[in-house]
Amino acid sequence: MTSPRKAFVVGHPIAHSRSPLIHGHWLSVHGLPGSYERIDVAPEAFPAFLRGLSEAGFVGGNVTIPHKEEAFRLVDRRTPRAERIGAVNTLSFDEAGRLVGDNTDAPGFVAHLDATLGADWLDTTGIAAGRPALLLGAGGAARAVAVGLLDRGVPRLLIANRTAERAEALRALDPQRIETLALAAVPGRLAEVGLLVNTTSLGMAGASDLPVDPAPLPPEAAVADIVYVPLDTRLLAASRARHLRTVDGLGMLLHQAVPGFARWFGVTPQVTPELRALIVADIEGRR
């Protein structure tokens, strides 16, 4: 009989992480004798933590703030997707015992778009017919979202950020398909946009400003916000008031967890209404 497999999420701080709830739910649903734990590791101790994973009996785990870039540098091998994003959020071991770094935020974001808007959202938002997607922000999360959208087949991607240099760094992902904008230019371009994605911190609990007024968007457009605390951001509420389709940030968190669980425990789990309700209850309970 094989021993129970152990996985983890590591960050600093880490008490806020909902990953143990997600993976614990799947372990229970599938009746698997494994564990998934929350581990707080300070930045200076992170390299030693990674070196000791195998000896500690872990088959892999998730990496969150502030360790994603350091994990990218320290793993033995990176997936092509992680190479493009420049950060690692999922760790596993290959058959040779090498520590492999992946980034599942990109497919997690797109999987949630597919689940919420339908697999034909490129057509129904007008993107396939020429409408661009517009990304607000150019940080690490924006880079993962940009890679996900490009891989999904978005032919045009506009990126607007307060700092032009960071937006230009994302443009290097695909200069033929990406155009950068100043934030001040965004309102004048919204009428042509099929999908608006907010990856900035505007909309998080305590933030009162809208990242942009969605009013000029065409009626077939959709609006996504990767913020999930609060779950219903001001941008999403304002978009629904204009009868636009909306995509909240929680689904990205849930869907990005699927590939890691499949690697560590050998079962591909499903993102179900029951799992979503579990995490929503936890979010509401911590307010």
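Student: Is Arg189 buried or exposed in this model?
Tutor: Arg189 is buried, at 18% relative accessible area. Keep in mind that the model is predicted.

Student: And which residue does Arg189 pair up with in a salt bridge?
Tutor: Glu179, and the closest N and O atoms of the two are 3.0 Å apart. Glu179 sits in strand β9 (residues 178-182) while Arg189 is in helix α9 (residues 186-189), so the bridge ties together parts 10 residues apart in sequence.

Student: What about Glu179, how accessible is that one?
Tutor: Glu179 has 32% relative accessibility, so it counts as partly exposed.

Student: OK, new topic. How many salt bridges are there in the whole structure?
Tutor: A search turns up 18.

Student: What does Asp248 meet in a salt bridge?
Tutor: Arg276, at 2.4 Å from N to O. Asp248 is in the loop between β12 (245-247) and α11 (250-265), and Arg276 is in helix α12 (residues 273-285), so parts 28 residues apart get tied together.

Student: Buried or exposed, what's Asp248?
Tutor: Asp248 is buried, at 16%, whereas Arg276 is partly exposed, at 27%.

Student: Why does Asp94 count as buried?
Tutor: Because its relative accessibility is 15%, and buried means under 20%. Arg77 is partly exposed, at 35%.

Technical notes: Residues numbered from 1 in each chain as written. Predicted model: local features only at pLDDT ≥ 70, side-chain atom pairs only at ≥ 80, totals over all residues. Heavy atoms only, no water. Salt bridge = Lys/Arg side-chain N within 4 Å of Asp/Glu carboxyl O. Buried < 20%, exposed > 50% of the residue type's maximum accessible area, 1.4 Å probe, protein only. Helix = DSSP H or I, 4+ residues; strand = E, 2+ residues; numbered from the N terminus.
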